[in-house]
Structure formats: structure tokens, C-alpha cells
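Try each task before reading its solution.

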Amino acid sequence: MTIQTHTPADVPAKNTPAPIQDKPIQDKGKDGRGATTVADGVVAKIAGIAIQEIPGVHALGGGAARAIGNLREKVGQKDLTQGVSVEVGQTQVAVDVTLVVEYPHPLQEVADNARDAVYTAIEDLVGMEVTEVNVTITDIHVPSEDSDADDATREPRVA
């Protein structure tokens, strides 16, 4: 059995303003149905994914982070936040990125493209304002002429 305690006239419509109260109202999101909190790790992961799509970016992170990242990849766990540090406030985000660029891509162009990708991804997906994206290039990856495929066809140096 259902008991109705309010008639439809008693329940305010969703789009009508709430009556003015004497005490302050806490912000519970745009429509008043609840608050949304985005964790720092989520924002860092979004930035990391966006940067990996940029031509000329070889890897994220410094030497030690890349070494640990290689070990993780061997066991099937890729760290998408490697080389990305974020500070998330109430409405703004600041991002620091460390990356390795492929030779011969222009460093400033790769950095600018990475910066643009982070701004776009965070503002579109998270909905927060990005105040700054600092890019640090720690290394350049030079493709080696000695690839693993060449080792199989190369003649031994000693008999």
C-alpha cells in the first residue's frame, strides 16, 4: 500500500527557484542535486593520455620514473600518470609535465602541442579552468641504428 504524504501541488517543480531562506545555502552542484569532486589522479591521468597522443613525444617522466614505468609495462600495468603532476583546486588546475622528445622533432613545437592538448582535455573532460601547464623536457630519444631485427641478419664479428 502506498501512502502519499505530499500532493503534486506541495512538491516544487525542478526548474522553479527554491524559496529564500534565512540561512546560507551550500553549493551542491549546478542543479542542487549533489556535489562532484574530481581526484587529482583522475586529472593527471587525463593529462597523461592527452600528451601521449602528441607526435614527437617519446615518453613521459624522468629517468627513474621511466625505468619503473618499463618494469610496470612488463607486468601489464601502464602508469598513465607517469611524468605528470597536478594541483587541483575548487575550480582551477595547474599541471607540470616532464617528457622525452623524439629526435628530430622541434622541442618548442612538441611542448606547445602538449600544452594545448592538456588545456583542451582538462577543460573539456573535467570542466575546470587550467591556469598553467609547465612542460619540462628532460631528454631526447635518438632512434638507434642497431635494432633487434638487424641483430638477427648481421654477420658475427668473430668466427
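The model is predicted.

**Exercise 1. Crossing of two helices**

Solution: 
- Start with the general idea. Two packed helices are described by the angle between their axes and the distance between the axes.
- Take the values. Helix α1 covers residues 40-52, and it packs against α3 at an angle of about 135 degrees, with the axes 8 Å apart.
- List the partners. From α1 come Val43, Ile46, Ala47, Ala50 and Ile51; they meet Ala114, Ala117, Val118, Ala121, Ile122, Leu125 and Val126 of α3.
- Sort them by type. This contact has 12 nonpolar residues, no polar ones and no charged ones.

**Exercise 2. One residue of the contact**

Task: Is Leu125 buried or exposed?

Solution: 
- Locate the residue. Leu125 sits in helix α3.
- Read its relative accessibility, which is 62%.
- Compare with the cut-off. Exposed means over 50%, so Leu125 counts as exposed.
- Check a partner across the contact. Leu125 and Val43 are 82 residues apart along the chain, and their C-alpha atoms are separated by 9.1 Å.

**Exercise 3. A peptide bond**

Task: Is the peptide bond from Tyr103 to Pro104 cis or trans?

Solution: 
- Most peptide bonds are trans.
- Read omega. For Tyr103 to Pro104 it is near 10 degrees, and the bond is cis.
- Pro104 lies in the loop between β3 (92-102) and α3 (107-126).

Notes: Residues are numbered from 1 along each chain as its sequence is written. This is a predicted model: local features need pLDDT of at least 70, side-chain atom pairs count only at pLDDT 80 or more; totals for chains, interfaces and linings use all residues. Side-chain values use heavy atoms; hydrogens and water are left out. Helices (H or I, at least four residues) and strands (E, at least two) are DSSP runs, numbered from the N terminus. Axes are lines fitted to C-alpha atoms, for helices over the stretch in contact, and angles run from 0 to 180 degrees between N-to-C directions. Contact means heavy atoms within 4.5 Å. Ala, Val, Leu, Ile, Met, Phe, Trp, Tyr, Cys and Pro count as nonpolar, Asp, Glu, Lys and Arg as charged, and the others, Gly among them, as polar. Buried means under 20% relative accessible area, exposed over 50%, partly exposed in between (1.4 Å probe, protein chains only).
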